[in-house]
Amino acid sequence: MNQKNLFEVDWSKIPAPSDDGAAAHLVGMTIPPLSLRATDDTEVTLSALPGRTIVFAYPRTGEPGKISLVDDWDMIPGARGCTPQACSFRDLFAELKAAGAGQVFGLSTQSNLYQTEMASRLHLPFAVLSDAKLALTRALNLPTMEVAEQTLIKRLALVIDNARITHVFYPVFPPDRNAGDVLAWLKQNRVNL
């Protein structure tokens, strides 16, 4: 399938993911002291960040006009929508910060090189973290899917307060509303960290 438009999606024609319980264990977990390469050319250790951090994870972003990873990508529940999800966090970035998010990051298992191109093309005001070696994914036992012999993180968002996961959004659907859902939660759950 050729991805002509990554933004205009009729979500009623895309299968929604179901809650398979694969993220139920995450609330209360401590983020391990692992460094991940970021698109701003830094190494980020989420466990060392003070205050409230939002990390939204997604399987993989696509490129306009490029071939999908597999022909039936859109029919894999939860696969489609990584670019709209990232752009929703971009568009609400200032509001997320105003509502208490000290940091916002994207996360996928794609390479840093690929993510850097995507972050630049989409004008993201936050860094995207690469877990290409699956270190964080395995340490937290994040929900994953196997597609075309690749391990991809299922779409979710984490609220991390001083290195501890305090809330998880999972499953996420439709993806373009994820940032709005996180913002609403932040406004209702303000804390002084």
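**Overall fold and packing of the predicted chain**

The structure described here is a predicted model. Along its principal axes, the C-alpha trace spans about 45 × 35 × 30 Å. Of the 193 residues, 51% count as buried.

The chain contains 5 helices and 9 strands, and reading along the sequence gives the pattern β-β-β-α-α-β-α-β-α-β-β-β-β-α. Seven of the strands make up an open sheet with mixed pairing, in the order 2-1-5-4-3-8-9. Strand 2 (43-45) and strand 9 (164-169) stand at the edges; each has a single partner strand, so one side of each is left without a neighbour in the sheet. From one strand to the next, the twist averages 35°.

At one end of this order, strand 1 (residues 35-38) pairs with strand 2 in the antiparallel sense over 3 bridges. Here Arg37 stands opposite Glu43 of strand 2. Two helices can then be placed against the sheet. Helix 3 (residues 112-121) packs on it and touches strand 1, strand 4 (103-108) and strand 5 (128-130), with a direction that makes about 165° with that of strand 5. Helix 5 (residues 178-188) also packs on the sheet, touching strand 3 (52-57), strand 8 (156-161) and strand 9, and its direction makes about 130° with that of strand 9.

Inside the chain, the largest nonpolar core has 28 residues, and Phe89 and Val104 have the most contacts within it. Strand 3, helix 1 (82-91), helix 2 (93-98), helix 3, strand 8 and helix 5 each give two or more residues to this core. Helix 5 gives the most, with 5 residues. Leaving aside neighbours within four places in sequence, Val104 is in contact with Ile54, Phe56, Phe89, Phe93, Leu96, Phe126 and Ala127. A second, separate core of 24 residues includes Ala38, Ala57, Leu129 and Ile160.

Attention now turns to strands 6 and 7. Strand 6 (residues 144-147) and strand 7 (residues 150-153) pair in the antiparallel sense over 4 bridges, forming a hairpin with 2 residues between them. In a regular strand, side chains alternate between the two faces of the sheet. In strand 6, Met145 and Val147 make up the covered face, whereas Thr144 and Glu146 make up the uncovered one. The bridge partner of Glu146 in strand 7 is Thr151. In the turn of the hairpin, Ala148 has a positive phi of about 50°, and this residue is partly exposed, with a relative accessible area of 42%.

Asn162, in the loop between strand 8 and strand 9, has a phi near 45°, a positive value in a residue other than glycine. Asn162 is partly exposed, with a relative accessible area of 42%. The loop between strand 9 and helix 5 holds Pro171 and Pro174. The peptide bond from Tyr170 to Pro171 is cis, with omega near -10°, and the bond from Phe173 to Pro174 is cis, with omega near -10°.

Technical notes
Residues are numbered from 1 along each chain as its sequence is written. This is a predicted model: local features need pLDDT of at least 70, side-chain atom pairs count only at pLDDT 80 or more; totals for chains, interfaces and linings use all residues. Side-chain values use heavy atoms; hydrogens and water are left out. Two strands pair if DSSP finds at least two bridges between them. Axes are lines fitted to C-alpha atoms, for helices over the stretch in contact, and angles run from 0 to 180 degrees between N-to-C directions. Contact means heavy atoms within 4.5 Å. A nonpolar core is a set of buried Ala, Val, Leu, Ile, Met, Phe, Trp, Tyr and Cys residues joined through side-chain atoms within 4.5 Å. Buried means under 20% relative accessible area, exposed over 50%, partly exposed in between (1.4 Å probe, protein chains only).
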